[in-house]
Amino acid sequence: MVMIMFGNHLYKCISITFSAILDNPEDIYYNITVKQYIIMRCKKLKKLLVYLRDYKRESVFGPLFKLLEALFELFVPLVVAAIIDNGISNNDYGYIVRMCLILVALGVIGLVCSITAQFFAAKAAVGFSTKLRHALFAHIQSLSHSEIDTLGTSTLVTRMTSDINQVQSGVNLVLRLFLRSPFVVFGAMIMAFTIDVPSALVFVVAIPVLAVIVFGIMLLSMPLYKKAQRALDMVLTKTRENITGARVLRAFCMEKRENEDFTERNETLVRIQKFVGKISALMNPLTYAVINAAVIALIWKGALRVDCGVLTQGQVVALYNYMSQILVELIKLANMIISLTKALACANRISDVLDIQNSLENGTVKDGIETAPAVEFEDAALVYKGSSEPAIEGISFKAMRGETIGIIGGTGSGKTSLVNLIPRFYDASRGSVRVNGIDVREYDIDALRAKIGVVPQKAVLFKGTIRSNLEWGLEDAGEAEMDASVSAAQAAEVVSGKDKGFDSYVAQGGGNFSGGQRQRLTIARALIKEPEILILDDSASALDFATDAKLRKAVRELPSSPTVFVVSQRTASVMHADRIIVLDDGVPVGIGTHEELLENCEVYSEIYYSQFPKEAAVNG
């Protein structure tokens, strides 16, 4: 009855597992075989093993010392058998003492070998994970905004932390146990044959059955662990959203709904983990059942052969000890297989990220044409990955050197999307964008972005000091350049208001500065590099009108005379620009000066008069 229940449970697990694999196009194509799936995943795993090549010595010595430990362990049952047959049977206490000293020596040597193996395995595993983490971080840094948007921040954070930690544990366990456990299992079987061939046949039957159980459960649980990691990504995404938007949640009293949503995602994760846990839990009872059945058969057969005088009592005890060693090692192997299964699933997830190629192909051009317009859009359009509608389209204009171009429009009209095409954060889906007469796709990306200073919508400062943040713009900047940039950005009072000046501490994300202070420091960081093209993407939204006016005046008077793109929802910020581009739902509905647009562009006049009453505008 018990075996029938086990069989039904295992059949159900197998059916659900493989249906889950075959129904998930991300893991496996519909017509692919399980063998092809395993080969495909093994190829992905091989890509990660290159990060172990600097630890070849440790990867050899770790398993080698574990094998030495196992070798000494295999001699223990023979010594015990000798103590029983020769020492105890003959009441030879001197022999017993000598054999016990040998047992102690074997234990000490095994301990030294074990500690040495642990050292080499840990060094290789930690070194491997460190190199892999560096490689993954560098690869993520090389990806374009499109790939990062598609993958998601929480997914990438999980790959960098949880997944790599699991892989590190897997490498450590493999180096310590993957060779040791099979060596002890087969070594015990061989030693059993040296004692008595008919009794050792029990080992020949038991070991293949145990191998089928262990590796069968591993193959079943591996894809499910990957599914569990995806569910963990969903939980992390929701957690990150709630922490980031904590103030918004409280402002709209949405805590209850978010709690319910988090509970639902968490319960999904728990369900998957419990299900894969049930499959893994089959391993111990099944292995125990097989081992105990083998022990019963061994003792029964050994007792018969002792009665016949073929075996001694010590030899039967030795055979039993070898079977016990097999049991212990298979339990270790089973636990290692569970951990290894998680590690393999995580390794494949990391490999999937490393397989993603940057959609932006790097060009070779370093410099543009001196006499060409600074920036030129020709019927440019941008369609974000996964979107059916263009974010912007039909963008055509020229910005000459030293000009100021204002970009205005309602929320979601495509202002940021437009300026993101200039430094090539995204590639135009249609049309072209040229800088100094050269298509941005032909530029070396580093050379292109060296010409451009970008102040994004969200002011981001990095943990360190004001000086270290400004050095992001110009690495070898001196005091004079820093003073000039913070003065032009209207941030001089921010620096002077701190006790240590430029060496004042900046918390993560600039949390110890106000919104306006962060914006002015990020503007200073962009100005210090004296860019040919300066993009101010709604970077003065937290500034008062007086400071905003001073900032615009300072930018116009910069000695380097950059071409400036000012993105804003304030007409006061763009009305003095040489030309203004008005966007409405991603389409330019007007291009001209402030006066021209007031007369000819209904969208611009609506924005303007919503911010300035008509009487004040007339008087002004």
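R552 and D548 form a salt bridge, with the closest N and O atoms 3.6 Å apart. A salt bridge here is a side-chain nitrogen of Lys or Arg within 4 Å of a carboxyl oxygen of Asp or Glu. The model is predicted: local features need pLDDT of at least 70, side-chain atom pairs count only at pLDDT 80 or more, and totals for chains, interfaces and linings use all residues. Residues are numbered from 1 along each chain as its sequence is written, and side-chain values use heavy atoms, leaving out hydrogens and water.

**The pair in α20**
- R552 and D548 sit four residues apart in helix α20 (residues 545-556), about one helical turn.
- Helices are DSSP runs (H or I, at least four residues) and strands likewise (E, at least two), numbered from the N terminus.
- Both residues are buried; buried means under 20% relative accessible area, exposed over 50%, partly exposed in between (1.4 Å probe, protein chains only).

**Other salt bridges**
- The whole structure holds 32 salt bridges.
- D54 and K131 pair at 3.1 Å, N to O.
- D54 lies in the loop between α2 (34-48) and α3, and K131 in helix α5 (residues 93-142), so this bridge ties together parts 77 residues apart in sequence.
- D54 is exposed at 51% relative accessibility; K131 is partly exposed at 30%.
- K385 and E147 meet at 3.5 Å, N to O.
- K385 is in the loop between β1 (375-382) and β2 (392-399), E147 in helix α6 (residues 145-151), 238 residues apart.
- K385 is exposed at 54%, whereas E147 is buried at 4%.
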